[in-house]
Amino acid sequence: SGYSAIDDDFYEEIEEILIMGDIGINATNAILEDLKQKVKEQHIKDPSQCKELLINSIREQMRVGEVAYRFEQEKSVVLVIGVNGVGKTTSVGKLAGKLKDQGKKVILAAADTFRAAAGEQLTEWANRAGVEIIGGSEGADPASVVYDAVCAAKARHADVLLCDTAGRLHNKKNLMEELRKINRIIDREYPDAFRETLVVLDGTTGQNALEQARQFKEVCDITGIILTKLDGTAKGGIAVAIQSELGIPVKYIGVGESIEDLQKFDADEFVNALFHQESND
Amino acid sequence: MAFESLSDKLQNVFKNLRGKGRLSEADVKASLKEVKMALLEADVSFKVVKQFIKSVEERAIGADVMNSLTPGQQVVKIVHEELISLMGSETTELKLKNPSDVTVLMMMGLQGAGKTTTAAKLAGKLKSKGRKVLLVACDVYRPAAIKQLQVNGEKQGVEVFTMGENQKPVNIAKGAYEYARKNNFNVVILDTAGRLHVDEDMMEELQQIKENLHVDQALLTVDAMTGQDAVNVATVFNDKIGIDGVILTKLDGDTRGGAALSVKAVTGKPILYIGMGEKLSDLEQFYPDRMASRILGM
Ligand SMILES: Nc1nc2c(ncn2[C@@H]2O[C@H](COP(=O)(O)OP(=O)(O)OP(=O)(O)O)[C@@H](O)[C@H]2O)c(=O)[nH]1
Ligand SMILES: Nc1nc2c(ncn2[C@@H]2O[C@H](COP(=O)(O)OP(=O)(O)OP(=O)(O)O)[C@@H](O)[C@H]2O)c(=O)[nH]1
Ligand SMILES: [K+]
Ligand SMILES: [Mg+2]
Ligand SMILES: [Mg+2]
């Protein structure tokens with residue numbers, strides 16, 4: 001930036017970048033407080049050095065290690081959850097393709113028995129990925145689909161069972177209860193499985209994503225986030241607030257609608273994109 | 001919760017303001033800072049918030065407010081008034097042509113916003129008003145998009161026009177229009193695929209439909225949970241395609257829905273309906289004053 005001093009204008013510019021990136025006013029204030037503190041302690045005078053400090057600290061906070069992807073190597077059950085339309089089914093399809101490419105035996109569970117043509121949609125993804133799918137008809141009990149799928153996964157020695165679920169808003173009590181039930185069935189029927197529970201968040205979502213993560217965490221032991229739709233102009237900054245407040249890491253990002261458009265989360269790229277906007281306006 | 005709820009804070013600020021006999025400029029500024037925080041927390045666009053606070057401040061610091069007997073009350077009133085006027089002061093009805101003619105509605109928006117579901121909801125609503133509605137499957141990309149529309153159309157008792165996945169959406173739209181004319185339909189609803197505003201080819205596809213067909217109402221469907229990106233999306237759709245009305249979905253959640261304000265502020269186009277659930281009857285009229293209160297958390 002063209003700032004010659006670390007002054008109010010400089011901090012205002014930082015505030016603008018963070019808020020426009022959807023980090024949120026609370027997390028932004030906390031980040032700025034912390035930054036000001038460090039600037040004081042370390043006697044930093046140069047604005048670019050100050051910005052560097054900020055970028056580094058967000059990057060370090062968001063970094064994930066390889067251990068986050070252990071489920072890919074274990075006999076695992078992956079439960080994919082989230083609110084409506086965020087990209088759960090698509091992400092399950094992409095993940096299936098990725099694991100299949102690694103030579104894994106993958107089974108999909110079509111546990112969204114509610115939304116119109118959800119089963120057909122996942123079936124198309126199963127075909128694209130070349131993996132098996134255990135389905136339920138519209139209106140069937142999703143927990144029983146998961147039960148069937150778990151039995152199939154054990155019987156056929158699948159490496160990974162990926163369960164797609166219906167979109168549900170986190171403030172709907174009965175739908176959240178249904179998720180709890182699905183979770184219990186996996187625990188009971190397949191206690192040896194390595195468990196991974198990924199909440200899918202739409203990268204264009206604002207502050208509500210924090211509440212989504214918080215509420216889903218109440219009913220499931222969330223192990224990571226898939227942050228989708230980062231191929232647009234949204235930055236998905238709310239993930240920073242979620243990481244600080246709930247300690248849930250982003251593990252994958254969605255960058256398109258094709259099977260190869262799922263990537264492991266890269267903290268460097270994420271932070272660069274977050275701070276990129278200043279250069280184009 | 002780690003943070004004190006902003007709406008609680010805001011309530012307190014307003015209460016304090018109301019109770020004050022005299023206001024200093026500093027009082028006003030301090031309370032407007034809280035208003036700013038609340039709006040940002042509700043996902044209203046940063047730039048819209050800045051502009052909003054500026055215009056409220058100009059009015060609030062004016063002599064007639066400061067010298068009034070109840071200055072606090074006046075400031076609260078100004079915030080509310082300005083917010084409602086930004087939202088569009090009155091409810092707007094979806095414009096349809098005379099039933100003897102065919103009205104074409106085109107759904108458009110980002111992926112997963114709720115277009116297909118809303119198309120079916122609208123179809124049911126218009127059918128119950130005596131219209132003969134045709135739903136048109138113009139999404140040839142998303143897996144099972146056509147099937148999804150067919151299932152929903154059947155639930156609504158509304159016919160679905162499709163030409164499969166191997167035709168261009170513009171040809172499907174043209175075919176549907178011809179079919180509608182011949183078979184006495186008077187409303188055609190085009191369900192298009194989700195697309196990013198930065199995807200040139202996909203935006204071009206919508207332009208083509210508009211060039212080849214008289215689209216009466218291009219309806220932008222916006223997820224109420226959208227964050228700061230809402231302004232980018234709305235601006236580009238408005239510039240490239242032209243928005244006639246907005247439908248806000250998923251307001252049955254607990255989002256404050258500041259995207260509504262952003263979209264309205266940058267496009268000036270009315271919000272027509274709100275989606276209040278997954279059921280096909282969950283579509284309601286939009287009321288600007290209620291939305292203003294929701295955004296402020298009041
Ligand atoms: N551009 C883009 N679109 C995506 C991405 N991920 C998913 N989508 C699109 O988003 C829309 C919704 O995706 P779905 O996978 O159906 O979402 P879902 O969460 O399963 O939706 P429900 O089951 O209805 O709750 C589809 O049009 C997808 O193609 C992404 O990373 N980028
Ligand atoms: N809770 C709630 N869910 C909604 C509402 N409107 C739509 N949905 C859900 O949101 C998800 C996405 O809806 P779709 O109608 O498939 O969205 P779309 O915009 O057509 O998606 P693409 O065609 O993939 O771009 C589905 O799970 C819908 O049931 C609403 O008002 N409230
Ligand atoms: K969305
Ligand atoms: Mg789905
Ligand atoms: Mg659709």
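Chain B and chain A bury about 3600 Å² between them, 55% of it on carbon and sulfur atoms, where buried area is the accessible area (1.4 Å probe) that two parts lose on being put together, summed over both. On the side of chain B, the residues that lose the most area to chain A are P143(B), M225(B) and E278(B), together 17% of what that side buries. This is a predicted model, in which local features need pLDDT of at least 70 and side-chain atom pairs count only at pLDDT 80 or more, while totals for chains, interfaces and linings use all residues. Residues are numbered from 1 along each chain as its sequence is written, chains are lettered from A and ligands numbered from 1 in the order in which they are written, and side-chain values use heavy atoms, with hydrogens and water left out.

The contact (heavy atoms within 4.5 Å) takes 40 residues from chain B and 42 residues from chain A. Three salt bridges are counted between chain B and chain A, a salt bridge being a side-chain nitrogen of Lys or Arg within 4 Å of a carboxyl oxygen of Asp or Glu. E15(A) forms a salt bridge with K36(B), and the closest N and O atoms of this pair are 3.9 Å apart. To the side of chain B that touches chain A, α7(B) gives the most, with five residues; helices here are DSSP runs (H or I, at least four residues), and strands are such runs too (E, at least two), numbered from the N terminus.
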